[in-house]
Amino acid sequence: MDDMSGPYVIRGSVSLPEAELMWRFSRSSGPGGQHVNTSDSQVELRFDLASTDALPEVWKARALERLAPRMVGGVVTVRASEHRSQWRNRETAAVRLAALLAEATAPPPKPRRATKIPRGINERRLRVKKQRSETKRGRQGRDWG
(Lines give C-alpha, C1' and ligand atoms only; values in the text may rest on other atoms or scores of the structure.)
Protein backbone atom coordinates (compact mmCIF):
# COMPACT_ATOMS: atom_id res chain seq x y z
CA MET A 1 0.00 0.00 0.00
CA ASP A 2 2.28 2.79 -1.19
CA ASP A 3 -0.17 5.20 -2.83
CA MET A 4 -3.97 5.42 -3.08
CA SER A 5 -4.82 1.98 -4.36
CA GLY A 6 -6.67 2.76 -7.59
CA PRO A 7 -10.31 2.20 -8.27
CA TYR A 8 -12.31 0.52 -5.54
CA VAL A 9 -14.12 -2.31 -7.28
CA ILE A 10 -17.70 -2.94 -6.25
CA ARG A 11 -18.22 -6.02 -8.41
CA GLY A 12 -17.06 -7.11 -11.84
CA SER A 13 -16.06 -4.10 -13.93
CA VAL A 14 -18.04 -1.62 -11.81
CA SER A 15 -16.04 0.49 -9.38
CA LEU A 16 -16.53 3.57 -7.18
CA PRO A 17 -16.36 6.73 -9.30
CA GLU A 18 -13.61 8.92 -7.75
CA ALA A 19 -15.27 12.11 -9.03
CA GLU A 20 -18.53 11.38 -7.20
CA LEU A 21 -16.97 10.74 -3.79
CA MET A 22 -17.32 13.56 -1.27
CA TRP A 23 -14.69 13.57 1.49
CA ARG A 24 -14.86 15.35 4.82
CA PHE A 25 -12.16 15.34 7.45
CA SER A 26 -12.48 16.07 11.13
CA ARG A 27 -10.68 15.39 14.37
CA SER A 28 -10.98 11.89 15.70
CA SER A 29 -12.22 11.39 19.22
CA GLY A 30 -10.36 9.23 21.68
CA PRO A 31 -6.77 9.05 22.88
CA GLY A 32 -3.70 10.07 20.93
CA GLY A 33 -0.44 11.94 21.22
CA GLN A 34 0.41 15.63 20.90
CA HIS A 35 -0.35 15.35 17.19
CA VAL A 36 -3.98 14.29 17.66
CA ASN A 37 -5.40 17.70 18.53
CA THR A 38 -4.15 19.31 15.35
CA SER A 39 -4.76 16.64 12.72
CA ASP A 40 -8.04 15.89 10.99
CA SER A 41 -7.66 12.14 10.81
CA GLN A 42 -11.32 11.07 10.96
CA VAL A 43 -12.70 10.57 7.48
CA GLU A 44 -16.32 10.83 6.39
CA LEU A 45 -16.98 9.59 2.87
CA ARG A 46 -20.28 10.48 1.22
CA PHE A 47 -21.64 9.02 -2.01
CA ASP A 48 -24.79 10.27 -3.73
CA LEU A 49 -26.38 6.97 -4.64
CA ALA A 50 -29.64 8.49 -5.88
CA SER A 51 -28.05 10.58 -8.62
CA THR A 52 -25.09 8.44 -9.70
CA ASP A 53 -24.76 6.96 -13.18
CA ALA A 54 -21.83 4.74 -12.24
CA LEU A 55 -24.07 1.80 -11.28
CA PRO A 56 -26.33 -0.18 -13.60
CA GLU A 57 -29.99 0.80 -13.10
CA VAL A 58 -30.96 -2.59 -11.62
CA TRP A 59 -28.15 -2.41 -9.05
CA LYS A 60 -29.01 1.18 -8.21
CA ALA A 61 -32.67 0.35 -7.55
CA ARG A 62 -31.66 -2.63 -5.42
CA ALA A 63 -29.13 -0.59 -3.41
CA LEU A 64 -31.55 2.31 -2.88
CA GLU A 65 -34.11 -0.11 -1.48
CA ARG A 66 -31.71 -2.02 0.77
CA LEU A 67 -29.76 0.97 2.08
CA ALA A 68 -32.84 3.18 2.60
CA PRO A 69 -32.62 3.10 6.43
CA ARG A 70 -29.02 4.35 6.50
CA MET A 71 -29.31 7.02 3.81
CA VAL A 72 -30.11 10.69 4.12
CA GLY A 73 -31.54 12.22 0.96
CA GLY A 74 -30.15 9.48 -1.27
CA VAL A 75 -26.61 9.92 0.12
CA VAL A 76 -24.73 7.04 1.76
CA THR A 77 -22.21 8.03 4.44
CA VAL A 78 -19.31 5.94 5.75
CA ARG A 79 -16.99 6.98 8.59
CA ALA A 80 -13.53 5.73 9.47
CA SER A 81 -11.43 6.84 12.42
CA GLU A 82 -9.66 3.75 13.68
CA HIS A 83 -6.24 4.65 12.22
CA ARG A 84 -4.13 7.56 13.33
CA SER A 85 -3.28 8.59 9.78
CA GLN A 86 -5.85 10.30 7.61
CA TRP A 87 -4.60 8.45 4.55
CA ARG A 88 -5.24 5.03 6.09
CA ASN A 89 -8.68 6.15 7.23
CA ARG A 90 -9.41 7.26 3.66
CA GLU A 91 -8.45 3.79 2.43
CA THR A 92 -10.62 2.14 5.09
CA ALA A 93 -13.63 4.36 4.31
CA ALA A 94 -13.39 3.74 0.55
CA VAL A 95 -13.03 -0.02 0.99
CA ARG A 96 -15.95 -0.02 3.44
CA LEU A 97 -18.17 1.92 1.02
CA ALA A 98 -17.27 -0.43 -1.85
CA ALA A 99 -18.10 -3.45 0.32
CA LEU A 100 -21.38 -1.88 1.44
CA LEU A 101 -22.41 -1.22 -2.15
CA ALA A 102 -21.30 -4.70 -3.25
CA GLU A 103 -23.53 -6.24 -0.59
CA ALA A 104 -26.46 -3.92 -1.35
CA THR A 105 -26.33 -4.55 -5.11
CA ALA A 106 -25.92 -8.33 -4.88
CA PRO A 107 -28.67 -10.30 -6.59
CA PRO A 108 -31.25 -11.78 -4.23
CA PRO A 109 -30.62 -15.40 -3.22
CA LYS A 110 -32.34 -18.10 -5.23
CA PRO A 111 -35.62 -19.22 -3.63
CA ARG A 112 -35.35 -22.45 -1.67
CA ARG A 113 -36.89 -25.46 -3.34
CA ALA A 114 -38.77 -27.65 -0.91
CA THR A 115 -37.65 -31.27 -1.13
CA LYS A 116 -39.59 -34.30 -0.02
CA ILE A 117 -38.09 -36.48 2.70
CA PRO A 118 -37.55 -39.99 1.29
CA ARG A 119 -39.99 -42.52 2.72
CA GLY A 120 -37.23 -44.88 3.89
CA ILE A 121 -35.59 -42.20 6.02
CA ASN A 122 -38.88 -41.26 7.65
CA GLU A 123 -39.73 -44.88 8.37
CA ARG A 124 -36.30 -45.48 9.92
CA ARG A 125 -36.71 -42.41 12.14
CA LEU A 126 -40.09 -43.65 13.37
CA ARG A 127 -38.72 -47.16 13.95
CA VAL A 128 -35.80 -45.83 16.04
CA LYS A 129 -38.24 -43.62 17.95
CA LYS A 130 -40.44 -46.62 18.76
CA GLN A 131 -37.41 -48.64 19.92
CA ARG A 132 -36.28 -45.84 22.21
CA SER A 133 -39.77 -45.56 23.68
CA GLU A 134 -39.86 -49.33 24.30
CA THR A 135 -36.47 -49.14 26.06
CA LYS A 136 -37.70 -46.36 28.32
CA ARG A 137 -41.00 -48.07 28.96
CA GLY A 138 -39.08 -51.18 30.06
CA ARG A 139 -37.38 -49.12 32.75
CA GLN A 140 -40.66 -48.05 34.35
CA GLY A 141 -42.53 -49.65 37.17
CA ARG A 142 -39.75 -51.76 38.61
CA ASP A 143 -38.06 -51.26 41.92
CA TRP A 144 -34.39 -51.01 40.94
CA GLY A 145 -33.01 -50.34 44.34
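The model is predicted: local features need pLDDT of at least 70, side-chain atom pairs count only at pLDDT 80 or more, and totals for chains, interfaces and linings use all residues. Residues are numbered from 1 along each chain as its sequence is written, and side-chain values use heavy atoms, with hydrogens and water left out.

The secondary structure of the protein chain comprises three helices and six strands. Helices (H or I, at least four residues) and strands (E, at least two) are DSSP runs, numbered from the N terminus. Along the sequence, the pattern is β-β-β-β-α-β-β-α-α. The protein chain has 145 residues, of which 28% count as buried. Buried means under 20% relative accessible area, exposed means over 50%, and partly exposed lies in between (1.4 Å probe, protein chains only). The accessible surface of the protein chain is about 10800 Å². Carbon and sulfur atoms hold 52% of that surface. These areas come from the Shrake-Rupley method with a 1.4 Å probe; for residues, only the protein chains shown count as cover. Among contacts in the protein chain with a separation of 6 or more, 66% link residues 24 or more positions apart. A contact means heavy atoms within 4.5 Å.

Four strands make up an open sheet, in the order β3-β4-β6-β5, with antiparallel pairing. Its edge strands are β3 (21–26) and β5 (71–72), each of which pairs on one side only. Two strands pair if DSSP finds at least two bridges between them. Strands β3 and β4 run antiparallel and are joined by six bridges. Here M22 has R46 in β4 as its bridge partner. Strand β4 (residues 42–48) also pairs with strand β6 (residues 75–80), in the antiparallel sense and over six bridges. V43 is bridged to A80 in β6, and D48 stands opposite V75 in β6. Strand β4 is mostly covered, with five of its seven residues buried. In strand β5 lies V72. V72 counts as exposed because its relative accessibility is 68%. Its C-alpha atom is 9.5 Å from that of D48, although V72 and D48 are 24 residues apart in sequence.

Helix α2 (residues 86–105) lies across β3, β4 and β6 and runs at about 140° to β6. Axes are lines fitted to C-alpha atoms, for helices over the stretch in contact, and angles run from 0 to 180 degrees between N-to-C directions. A94 belongs to helix α2. A94 is buried, because its relative accessible area is 0%. Beyond its neighbours within four places in sequence, A94 is in contact with Y8, L16, W23 and L45.

The largest nonpolar core has 25 residues. Such a core is a set of buried Ala, Val, Leu, Ile, Met, Phe, Trp, Tyr and Cys residues joined through side-chain atoms within 4.5 Å. The residues with the most contacts inside this core are I10, L16, L49, L67, V76, L97 and L101. Two or more residues each come from β4, α1 (57–66), β6 and α2. Helix α2 gives the most, with eight residues. Leaving aside neighbours within four places in sequence, L67 is in contact with L49, V76, L100, L101 and A104.

Helix α3 (residues 119–139) has 21 residues. At 1.5 Å a residue, the helix should span 30 Å, and its end C-alpha atoms are 31 Å apart, which agrees. The expected span is 1.5 Å times one less than the number of residues. Just after α3, G141 takes a positive phi of about 70°.
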